[in-house]
Each structure stands twice: as structure tokens, then as C-alpha cells.
Amino acid sequence: MLNLIVCIKQVPMVAELPWDEKTGTLRRDLAPGMMNPACKHALEAALQIKEKYSAKITAITMGPPAAGEVLREALALGADEAILICDRLFAGSDTFATSLVLQKAIKKKCPKFDLILCGAYTADSETAQVGPQLAEELKLPAVAYIEKLEITGRTLRVRRLVDNFRETLEMEFPALVTVSMENYKPRYTALDGLERAFAAKKIIVMNATALGLSAAVAARGSRTKVRQVFLRKAQKGNVMLQGAASSVVNDFLDKHQRRIGAAIGKSIEGKKLDDEK
Ligand SMILES: Cc1cc2nc3c(=O)[nH]c(=O)nc-3n(C[C@H](O)[C@H](O)[C@H](O)COP(=O)(O)OP(=O)(O)OC[C@H]3O[C@@H](n4cnc5c(N)ncnc54)[C@H](O)[C@@H]3O)c2cc1C
């Protein structure tokens, strides 16, 4: 039987992130949470492995107490165990600290895993960094943005779309993948699943002490601080260019030559329309 771990993040179910300017952190208490869409695809991939190859699924999340909801959802969908890593010390953690904490919990609670499945990225900060960082922390082979996987013995074959071509890669267990949203369409939670999730299965809660992480480490963990989050308001300033086509174009080239140069990767300094003839 395979041991699978699915890392799941709870993200705000809102377009405008409620940001606390003072602490530079997200006011997660002000926004209802949901399971991060890409994590649903990672969980679906794990459920399909379980159905095809027989596996045990452990769902793990780091977040505030309310993040337990996404673990209940994972249990309802068919995960076997759930771990909530919850400590005020971890509030505002950056991706480095998040992957460090996840690594500690995995080493403590489920060290004999075969495959870790993460979502490719999250809907709130979208860094796509946690999966690869966790693989580094655990010294695992890893492939990001996979859309399909097959298992033969201890070998994992994955397919992914990179730029405009598809590639197929192989690696041995234990390994880590991040799952894109191309495939593994998430299933819906069945009613009996919800009952099961709330009836039997309990969520294991771990704090910094349980992970052997001191306040100092937790505080020092984050190397990046998010200073401000704001929605860019599109400001359209229309400029009407008038006159003969060549002089309009030359005026435009003059005005925007640096940006055009940067966009096409070569300087157009001093270039004029009739230069091209
Ligand atoms: C608007 C905003 C901008 C931010 N910018 C940065 C930044 O530039 N650099 C930085 O280091 N931090 C940043 N952060 C903090 C960052 O969101 C947290 O560190 C977060 O826990 C992980 O980063 P992510 O959401 O980008 O994850 P991603 O790397 O995009 O997540 C990929 C996958 O990793 C797993 N995962 C991620 N977080 C968790 C979790 N808490 N529990 C379990 N599994 C998880 C999930 O499977 C997820 O699908 C930002 C936060 C916000 C809200």
C-alpha cells in the first residue's frame, strides 16, 4: 500500500484580499475560506491513485484553526488522516517558513511516505514556491505542474505541459509532484463522505512546540515580508495621435523607444519610420 501526503492550503474566498497594513498579514478571519483550487486537483490525483493502486492518504495543512475545514473536506472526499499545523507563531509565514514547517510535520508524523502531492500554486499569493521548496527540504526528486501520472512498482512516470510542449519524466519514490489544474477534475463531496468526515475521523493538531520549533526559529523563519497588497485599478488615459501617419508613428517611436526596445529586446534609438524602407 502506498503512503500519500497531500498538502492543502485554505485560501480566502474573496477577490479583494482583506489586508492588515499594520502587521503586513492577511486578515483571514475577515474572509470565508475555501480549499485552494489547485490543491483540489492534487487531492483528486491522490484519490485516483488510491482507487487504482491502493493507498493511504494523509492531508496536511498549515493555517489558523479555521483551516481545519479544508481537512474535513479532504476527509469527506476520501482522505484517511488529517494534520492541522496551527500556531500564532506561524501567522504571516513566507514560503520558506511554510515549507520548513511542513517538512518538520511530515518528518514527525508520516516519515515513511512514498509521494507528496501539492497544488501547483495558490489562488491568494500564487508563488508556486512551496512544493519545490518542500522537495528541497526533504531532499526529494520533484516535478512541478504535472497533468498526468502513472505508477509502475517504485517508479513514477509523470507528464506535464511546459511552454508549448509536453514532456514525460520518470523518478523513483519517495518523490514530490505539484499538480496543475489541466487534469484531475475534482470530484464532489458525497453526503455520506461529510458524515464520515465529521463522525469518525479526528484531525491531529500540531503547534510549534510539538514540531520542536522554538519561537525564535518560527519568528526568524520568514525571509520575505509582504509590505502591501492592493488591487491595481486600471487607469486608461487615452491619447489621440493626430497628423500624417509617418509623423504620428515617428512621434510614437520617439516617445516610447525605451519600452519598445525592452519589449523587442533591441534598441530602436533614433530609428524613424522611413528607416525601414
Ligand atoms: C498576497 C500575498 C503575497 C505573498 N507573496 C509572497 C512572496 O512573494 N514570497 C513569499 O515567500 N511568501 C509570500 N506570501 C506568503 C505565502 O502566501 C505563504 O508563505 C503561503 O503559506 C505559501 O505560499 P503560496 O500561497 O504562494 O503557496 P504556493 O507555493 O503557491 O502553493 C503551492 C502548493 O503548496 C502547498 N501549500 C502552500 N501553502 C500551504 C499551507 N499553508 N499548508 C499546506 N500546504 C500548503 C499547497 O499544496 C499549494 O497548492 C504572500 C502572501 C500573500 C497573501
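Colleague: In what order do the nine strands of the open sheet stand?

Modeller: Strands of a sheet pair through backbone hydrogen bonds, in either a parallel or an antiparallel way. In this predicted model, the order is E11-E10-E9-E12-E8-E1-E6-E7-E13, with mixed pairing. Strand E11 (165–172) and strand E13 (203–206) are at the edges with a single partner strand each, so one side of each has no neighbour in the sheet. On average, neighbouring strands are turned by 30° against each other, direction ignored.

Colleague: In which sense do E8 and strand E12 pair, and over how many bridges?

Modeller: E8 and strand E12 (residues 175–179) pair in the parallel sense, over five bridges. Gly119 stands opposite Val179 in E12.

Colleague: Which strands does helix H4 lie across?

Modeller: Helix H4 (residues 130–137) lies across strand E1 (2–7), E8, strand E9 (142–152) and E12, and runs at about 175° to E12. Helix H2 (residues 68–77) lies across E6, strand E7 (81–85) and E13, at about 170° to E7.

Colleague: Which residues come nearest to the ligand?

Modeller: Of the 31 residues around the ligand, these are Cys7, Lys9, Thr122, Ser125 and Thr127. The shell divides into 16 nonpolar, 11 polar and four charged residues.

Colleague: What polar atoms face the oxygen atoms of the ligand?

Modeller: A polar backbone atom of Thr95 is 2.9 Å from an oxygen atom of the ligand, and a polar side-chain atom of Thr98 lies 3.1 Å from an oxygen atom of the ligand. The protein covers 89% of the 910 Å² of accessible area that the ligand has on its own. Strand E6 (55–62), helix H3 (95–109) and strand E8 (115–119) are the elements giving two or more residues to the shell.

Key:
Residues numbered from 1 in each chain as written. Predicted model: local features only at pLDDT ≥ 70, side-chain atom pairs only at ≥ 80, totals over all residues. Heavy atoms only, no water. Near = heavy atom within 4 Å. Polar contact = N/O pair within 3.5 Å; in protein donor to acceptor, adjacent residues only side chain to side chain. Areas by Shrake-Rupley, 256 points an atom, 1.4 Å probe, with all protein chains shown as cover. Helix = DSSP H or I, 4+ residues; strand = E, 2+ residues; numbered from the N terminus. Nonpolar A, V, L, I, M, F, W, Y, C, P; charged D, E, K, R; others polar. Pairing = 2+ DSSP bridges. Axes fitted to C-alpha atoms, helices over the stretch in contact; angles between N-to-C directions. Contact = heavy atoms within 4.5 Å.
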